[in-house]
Amino acid sequence: MLRTVTVTSLSFSSSTNLRVSTQNRFYLIPHSLKLSSPLIGNINKSNGTRTVTCNYNPSRRLALLQLGTVIPQSLFLSGNLAPARSSEVTDQNVLEWVKNDKRRMLHVVYNVGDLDKTIKFYTECLGMKLLRKRDIPEDRYSNAFLGYGPEDTNFTVELTYNYGVDKYDIGDGFGHFGIAVEDVARTVDLVKAKGGKVTREPAPVKGGSTMIAFVEDPNGYKFELLERGLTPEPLCQVMLRVGDLDRSINFYKKSFGMELLRRRDNPEYKKHFPFSSTTLSGITCQLIGWSLFLPSQYTVALMGYGPEDKNAVLELTYNYGITEYNKGNGYTQIAIGTDDVYKSAEAVKLCGGKIIREPGPIPVINTKITACLDPDGWKSVFVDNVDFFKELE
């Protein structure tokens, strides 16, 4: 049980110390510190006086330490104070805050070589709508936002065209985007009719009954078509490959506040393919006749902020024996809404992520953001929720 003592008087012993008296003892507290977190350090006796190192805010000293203020008695015990440190308490508070933060996947950003051609493919073949488009000539790029519903409620794609750049290296780390459609075969026929590229004909997913197919946009980005009923979020997946699945799950759960929605493992294939990423290159495997087995040689974890049939999710894929990937320069980042970009940055740092843009407002538009890298180097941007809605207005 927490016991307390009551402050009966206070006075200023100097310009830097605050003298606090209880029923039978008094203490000197430095003004330069803040009393917003627990007292820390040791209590030293000196001429009948005890000096306590604490957090204390001089601008609020009279409001925080008035007569009758209640202070935990455990903080005034002789000898060492309680082992818990204020930094540990703060760290725990930040991670607890993440769980209750109002977060949503806003959009995914990537580069394209022909903006108009890509917009035409997405609208005519994939059924997306062009939500907005902007040109920034001073920075030599243009943006287009497309999706299946308004940006304030739906996950969207943000296409970036950089003047004069018509081709990008997609790399092998980025996997695909997922789109839920009512009829996969019909969508594939439409893609073919428009001259699009189909890389996997409609068929049930291996080990399941869901009908899927794969198509490519004009830039080479792959889209997995998944046959589902009506859903509020047709743009439903972003698949990225990672080198340590458990590490990634832990990172996104703690620092991003995502849930582990589903995990599919195929450990029985591990013993058959104990090879390096070099051995598992497409050419080598085809030569030795094992390319047929490659699609099953992975483990998948779906992470998100709600059920995958109603929300966009992050699909993390671990391929056995491969720990690093070429990320190329095509895929850029996912943007996530948050109520506080500053606390979001703290959580990322605590969980082993790297902040590559300190939290704060963007020049001109003043939207507050922070950018980070996960343990595999994949980039995400947290965007202030209020500022995002203002930007849409």
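The largest cavity has a volume of about 50 Å³, a cavity being a set of points on a 1 Å grid over the protein atoms alone where a 1.4 Å probe fits but cannot get out; the volume is the space filled by probe spheres set on the points, which are joined across faces, edges and corners. The structure is a predicted model, in which local features need pLDDT of at least 70 and side-chain atom pairs count only at pLDDT 80 or more, while totals for chains, interfaces and linings use all residues. Residues are numbered from 1 along each chain as its sequence is written, and side-chain values use heavy atoms, with hydrogens and water left out.

By this rule, one cavity of 30 Å³ or more is counted. Its lining (residues with an atom within 4 Å of a point) includes Leu240, Tyr252, Phe256 and Trp378. Strands β21 and β24 each give two or more residues to this lining, and the largest share, three residues, comes from β21. The lining divides into nine nonpolar residues, one polar and one charged, where Ala, Val, Leu, Ile, Met, Phe, Trp, Tyr, Cys and Pro count as nonpolar, Asp, Glu, Lys and Arg as charged, and the others, Gly among them, as polar.

The second largest pocket (an open set with protein on both sides within 12 Å along at least five of seven lines) holds about 730 Å³ of space. Of its 26 lining residues, Arg134, Tyr141, Glu158, Ile362 and Ile365 lie nearest the centre. The elements that each supply at least two lining residues include β10 (129–136), β21 (331–338) and α8 (385–392). This lining comprises 14 nonpolar, five polar and seven charged residues.

Asp101 is located in the loop between α2 (86–100) and β9, helices (H or I, at least four residues) and strands (E, at least two) being DSSP runs numbered from the N terminus. With a relative accessible area of 9%, Asp101 is buried (under 20%, 1.4 Å probe, protein chains only). Its side chain forms a polar contact of 2.5 Å with that of Thr338 and reaches the backbone nitrogen of Asp339 at 3.0 Å. A polar contact is a pair of N or O atoms within 3.5 Å; within protein, one must be able to donate a hydrogen and the other to accept it, and residues adjacent in sequence count only if both atoms are side-chain atoms.

Glu224 counts as buried because its relative accessibility is 8%.

Conventions:
Buried means under 20% relative accessible area, exposed over 50%, partly exposed in between (1.4 Å probe, protein chains only).
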